[in-house]
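Hi there,

Here is the structure I promised to pass on. Have a look at it first, and then read my notes below.

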Amino acid sequence: MEPYHYWLIASAFLILLELVTAGFGVICFAIGTLVATLLAYLGLGLEYQITAFIVGSILALIFVRPFALKWLNKNKKEQVKTNADAIIGRKAVVTEDIDRTAGTGRVRIDGDDWKAVSATDAVIKKGTEVKVIDRESLIIKVSSL
């Protein structure tokens, strides 16, 4: 078996491994093995092949992977909201009058108590149903319905 056969086998293995993993990381090393395969086929020594593998892999990680990830994610119109961002757009009940000048205001969402401010600087009375429109750290901004 010629040296380039080993590089081709490694490349095929890495391509199959990329199919199992997501993220375009392993495919960059497969590209490096293909560059090394070319040099092995041309009859260059092992040190050139290994150097070509390393350089080809690094260049693929730098140039190919970001574009591949961007292409993969281009059709995702809206990311799934998780954790605290998931409350944006939800309804809440005011548990303490929301008054920016007094520095008061709390709302309850699904049993969780949040510090809240009014989006319009208007005073919102306790018991009023509001909508969460934004979040800044642990303080949420609400508007009346």
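Let me begin with the strands. Strand β1 (residues 91-99) and strand β2 (residues 104-109) run antiparallel and are joined by four bridges. Strands here are DSSP runs of E with at least two residues, helices are runs of H or I with at least four, and both are numbered from the N terminus. Two strands pair if DSSP finds at least two bridges between them. Across this pair, Val93 stands opposite Arg108 in β2.

A word on the source: this is a predicted model, in which local features need pLDDT of at least 70 and side-chain atom pairs count only at pLDDT 80 or more, while totals for chains, interfaces and linings use all residues. Residues are numbered from 1 along each chain as its sequence is written, and side-chain values use heavy atoms, with hydrogens and water left out.

Back to the sheet. β3 and β5 run parallel, joined by four bridges, and Ser118 stands opposite Val142 in β5. β4 and β5 pair in the antiparallel sense over six bridges, with Arg135 opposite Ile140 in β5. The hairpin of β4 and β5 has two residues between the strands, and Ser137 takes a positive phi near 65 degrees there.

Put together, five strands close into a barrel in the order β1-β2-β3-β5-β4, with mixed pairing. From one strand to the next, the twist averages 50 degrees (axes are lines fitted to C-alpha atoms, for helices over the stretch in contact, and angles run from 0 to 180 degrees between N-to-C directions).

What about the nonpolar core? The largest one has 13 residues, and Ile98, Val107, Ile109, Val130, Val132, Ile140 and Val142 have the most contacts inside it. At least two residues of this core come from each of β1, β2, β3 (112-118), β4 (129-136) and β5 (139-144). β1 supplies the largest share, three residues. A core is a set of buried Ala, Val, Leu, Ile, Met, Phe, Trp, Tyr and Cys residues joined through side-chain atoms within 4.5 Å; buried means under 20% relative accessible area, exposed over 50%, and partly exposed in between (1.4 Å probe, protein chains only).

There is also a nonpolar patch on the surface, whose members include Phe29, Leu46 and Ile50, with about 940 Å² of accessible area together. Patch residues have over 30% relative accessible area and no salt bridge; like charges are joined within 9 Å, nonpolar side chains (Val, Leu, Ile, Met, Phe, Trp, Tyr) within 5 Å. A salt bridge is a side-chain nitrogen of Lys or Arg within 4 Å of a carboxyl oxygen of Asp or Glu. Areas come from the Shrake-Rupley method with a 1.4 Å probe, and for residues only the protein chains shown count as cover. Helix α3 (residues 46-72) gives the largest share of the patch, 10 residues.

Best wishes
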